[in-house]
Amino acid sequence: MEKTILLEMKGITKRFGKTLANDNVNLRLYKGEIHALLGENGAGKSTLMNILLGIYKPNSGEIFYKGKKVSIKSPKDAAELGIGMVHQHFELIPTLSVAENIFLSMGRGDFILNRAKMEETIRRFSDKFGLAVDPGAKVWQLSVGEQQRVEIMKLLCRDCEIMILDEPSAVLTPQESREMFKTLRKMADDGKTVIFISHKMNEVMEHSDRITVLKGGRVEDEMPAGDATVERLTKAVVGSRTLSKTVRKTTKENAHVLLEVEHLHVRNDKGLDALKDVSFSLRSGEIFAIAGVAGNGQRELAEALAGLRKVASGKIMMNRRDITKMNAKQRISMGISFIPEDRLKMGLIPGMNMKQNAILKKFTEPEFSRFGFLRSKPIKAVTERFIETHDIKNGGMDLPVSMMSGGNQQKLLVAREIHCEPALVIAAYPVRGLDIGAAEAINNILMEQRNRGACVLLISEELDEIFEMSDRVAVLCDGKLMGIRNTSETDYEEIGRLMSGEPA
Amino acid sequence: MSIGTIQIEKKHTVPLKNKILNPIVFVLIGLVFSSVLIIAVGFNPIAVYSKMLSYSFLNLRGINGSIKAGLPLMLCGLSVSIAFKMNLNNIGAEGQYAMGAILGGAFALFGPELPMPLRIMVMFLLCAIGGGLWAVIAAALKAFWNVNETIVTLMQNYIALLFLDYLCYGPWMAKKQTTAISEAIPKEMYLPNIGNSGISTGILVALGIAILLYIFLKYTTAGYQIEVIRNSRRSAEYAGINVKKYILIVLTISGAIAGLAGFVQITGIVHRVQAQLPGGSGYTGIVIAYLSRFNPIAVIIVSILLGGLENSCAAVQLMGVPSQIATMLQGSIMISVIAGEFFNHYKVSFNRNTVISQNKTEGVAQ
């Protein structure tokens, strides 16, 4: 097949202050291909795409579109050229219908929405690319997967030729993402050019035509998907850094039951049932994973166990003691540690410094305070110990933690949470958004906790992580526990089915 | 076609030089603006300003006056500061001041004649209790039912001030008086001056509280918890901090400090209870707290400066400048300093060539 170059980015360089986010990057897109952009967080993938969309202006470099030099100054310019993007966080108005949302995104001068014509167009694209979308449905009624399809539909209706998708599979079950990639393939076959950002090597090799790997703002490698191997991609993504894995120890036979959850009902912030009749038990010395697409009750479960959310009905027992009514402070002293999902909203205080964050849960202990006064020396010492043991990079102990990178923030948080040798560690998406190095470090810490005899409740939506780490896995879907499996006796397929709500 | 955009960025650190230079520049801007008004009513702004400066700050008597006028402002500023330290918008210092004055004043006027050091100490405590209890109402509503403390404390101000008015126009009004003012309190309860400086010992109360607050906020576990709650209530709850308890404690302390403004004013300066005793100090306290960035030591200094401004604006009336203009002068200086604070914390830049920058920083650096 004759391949024509649709777009070329040449020598793109973008600086943010002292940081070089893109360093002389060249990217070439052919018409009708699926191009994967692979790299760790902070490798410069999003920056590059934002430049293509006109959100950022590069410090130097040129962009050629269909052979002509163009200057993209704003997202409007990009839209006129036919470049559009599906962001990780969807930009939809929940109270409007699908058709109305799409109409809005077209930004045309039409005063009145020609509903019939609009729905006609949507149906046509629906059939052509296998994008099941009901134009009349309100967006708030749609699942995350359906909302993503609406976002793709928006680009189609705008006649986009280049479609950028930012980590499109992150919010989907394995089955849903397979469907999504099928749609992308159909669009590529129709002549559209698709770029998707990802950090998962498997899906990149499976679904793309060509792969560009970014590392530290530079293009590290570029290849046709056919030439890609896991070794080559790993080397390009992480470089020569070697990752050490903590050896898993076999579970002791006499591991005792640590925590029992019985018929737990919990409501979410809107007062709706978030957990429905959930029962399970946790043993010491195991990693128990909760799989499922985010937003199916995971957050409520974690907060209910940590004592931060009221239990509507049901019971939580720890070491045969009923702790259902205990508050957060009492549960901390019972040995429950919690690594929350959004560390800057809960868990860390972004505006306060490392020392202040390091003692958040222990400031009343005699080690750190006497007669109500803080003792600065031991506080400094414990912070230094955290920094050393966990190799936390920082600009100084007195700077606010908001100025540290995500990986180092998480290391600090985790260091604090395991410092008191907890019996139970609740870890909600502990490696989400971290680069591979930091993620490995966090996973190693969790594995060490397990081997020490603690129980780790690992909430995650990454099946790779779950299968690598956990001893047992439970699946949450729509607030219900779909099933519990020994990780060694199940596979992606079965867990994926449970995640989408199919009964076992 | 691009019009250019204005970008606003938050600064992380403010050099001390800017902290000092910035208000001076903006005071000057305020003065320039006011000159227009002064010229419009037919006076020479230079003459007016030099009169103001010499009256309030360039001699001992003037400085004494500034400190005297600043004294109730200090306590109100401290009261507001500690509440705002925990994001509690206590704008009720005015009313808490009044309630402190009422309770303490009642004791001074009608209470038993206790032996001396005890008598003044009881009054001190009653002023604090009056202000504190008045604030507890708003605190409890906030802590247990999440009722907006801004509105509650504001409404309480009206109640407290009108109650004070009622007492001073009614049952407490001194005989042979036409103004709403009580009899004088017993002579022995007058706060002495420091040596022969003419400065009331009330300043020691304000200084002492400022230092205690500074230590409390900076070095105690309670101060640490307040800081955590201010930054992130969710993280505070996560750490097992009892947020409700701290709402009650902090608002009560805040109210008690405002109540002490009543103590220093009655025993140190007025020696009576009178209607409209707070006279807006509680609200000026909010301005002072902001300008001092809630730093108790800075509150003392800013209060003296604002006290001096108030005095000097009164002084220019002696030159024949209408009182309304004097008040406008005071207002425009305060507004420009407050507005100027913005530039201490944000950097503003103008871009000629439009680049639509998102208001997020990218996680590029690892």
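Author: A residue is buried if 20 or more other C-beta atoms, placed from the backbone, lie within 10 Å of its own, exposed if 12 or fewer, and partly exposed in between. Strands (E, at least two residues) and helices (H or I, at least four) are DSSP runs, numbered from the N terminus. This is a predicted model: local features need pLDDT of at least 70, side-chain atom pairs count only at pLDDT 80 or more, and totals for chains, interfaces and linings use all residues. Residues are numbered from 1 along each chain as its sequence is written, and chains are lettered from A and ligands numbered from 1 in the order in which they are written.

Reader: How many residues of strand β3 of chain A are buried?

Author: The strand covers residues 34-38 and is mostly covered. Ile34(A), Ala36(A) and Leu38(A) point one way, His35(A) and Leu37(A) the other. The buried count is five of five.

Reader: Which residue in β8(A) is the bridge partner of Ala36(A)?

Author: Strands pair if DSSP finds at least two bridges between them. Five bridges join β3(A) to β8(A), residues 193-198, and the two run parallel. The partner of Ala36(A) is Phe196(A).

Reader: Which residue in β9(A) stands opposite Leu38(A)?

Author: β3(A) also pairs with β9(A), residues 210-215, in the parallel sense over four bridges. Opposite Leu38(A) stands Val213(A).

Reader: Which element gives the largest share of the side of chain A that touches chain B?

Author: Contact means C-beta atoms, placed from the backbone, within 7 Å. By that rule 38 residues of chain A touch 24 of chain B. The largest share, three residues, comes from α10(A).

Methods: Contact = placed C-beta atoms within 7 Å.
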